[in-house]
Amino acid sequence: MLNFDNLTERLVEELKAAAMHFDLYRSIKASIPSHKKGINKSPNFWSLTLNAHLEATRCSLCKIYDQTNNNNLTLNSWLKEFKKHHCKQEFFETNEMDKFNRVPLVEGEIEQDIALVSLKDSLVNTLYTKHRNNEVAHISNKLVSRG
């Protein structure tokens with residue numbers, strides 16, 4: 001059995017990285033209209049910076065939603081590990097923590113979550129098949145030749 005705390009910590013780090021890079025991308029992009037003069041002094045730098053944050057976001061998301069190997073740490077593998085070794089009956093029962101907005105798990109909820117992070121979900125499928133397989137992990141000859 002794997003060290004679930006380490007898996008959780010590393011997956012959270014990757015999720016936070018994706019969120020921070022995307023937040024930086026959106027913040028820089030939103031500030032462009034009010035800083036055109038300064039940005040026009042070094043347009044290549046700002047273009048590369050914007051692209052780097054967007055690409056870092058896509059890379060992290062591709063890692064998080066990867067579908068290639070069950071031995072990789074992904075949301076899908078994390079949920080399966082949780083279900084197999086750590087999902088306890090007490091998670092389905094109400095207790096004193098509920099007054100702090102805790103919501104007990106519902107039977108079948110883990111399976112729904114697993115489906116939401118698999119290729120069955122259209123957004124994950126697009127991220128994986130279009131972005132990861134054609135632009136992030138590989139450069140598709142077919143897409144490039146179309147122009």
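Which residues line the largest pocket?

## Largest pocket

The largest pocket is lined by Phe22, Leu54, Thr57, Arg58, Leu61, Tyr65, Leu123, Val124, Thr126, Leu127 and His131. The model is predicted, with local features requiring pLDDT of at least 70 and side-chain atom pairs pLDDT 80 or more, whereas totals for chains, interfaces and linings use all residues. Residues are numbered from 1 along each chain as its sequence is written, and side-chain values use heavy atoms, without hydrogens and water.

A pocket is an open set of points on a 1 Å grid over the protein atoms alone, where a 1.4 Å probe fits, with protein on both sides within 12 Å along at least five of seven lines; lining residues have an atom within 4 Å of a point. The space in the largest pocket is about 190 Å³, a volume being the space filled by probe spheres set on the points. Helix 3 (43-64) and helix 6 (122-136) are the elements that give two or more residues to the lining, and helix 6 supplies the largest share, five residues. Helices are DSSP runs (H or I, at least four residues), numbered from the N terminus. By class, the lining has seven nonpolar, three polar and one charged residue; Ala, Val, Leu, Ile, Met, Phe, Trp, Tyr, Cys and Pro count as nonpolar, Asp, Glu, Lys and Arg as charged, and the others, Gly among them, as polar.

## Helix 3 and helix 6

The axes of helix 3 and helix 6 come within 10 Å and cross at roughly 120 degrees; axes are lines fitted to C-alpha atoms over the stretch in contact, and angles run from 0 to 180 degrees between N-to-C directions. The two helices are therefore oblique to each other (angles under 35 degrees count as roughly parallel, over 145 as roughly antiparallel, 65 to 115 as roughly perpendicular and the rest as oblique). Arg58, Cys59, Leu61 and Cys62 of helix 3 make the contact with Leu127, His131, Arg132, Glu135 and Val136 of helix 6, contact meaning heavy atoms within 4.5 Å. These residues comprise five nonpolar, one polar and three charged.

## Packing around helix 4

Helix 1 (residues 4-31) packs against helix 4 (residues 75-86) at about 155 degrees, with the axes 11 Å apart. This makes helix 1 roughly antiparallel to helix 4. Phe4, Leu7, Thr8 and Leu11 in helix 1 meet Leu75, Trp78, Glu81, Phe82 and His86 in helix 4.

Helix 4 and helix 5 (residues 109-116) have axes that come within 9 Å and cross at roughly 165 degrees, and are therefore roughly antiparallel to each other. Their contact involves Asn76, Leu79, Lys80, Phe82 and Lys83 of helix 4 and Ile110, Glu111, Asp113 and Ile114 of helix 5.
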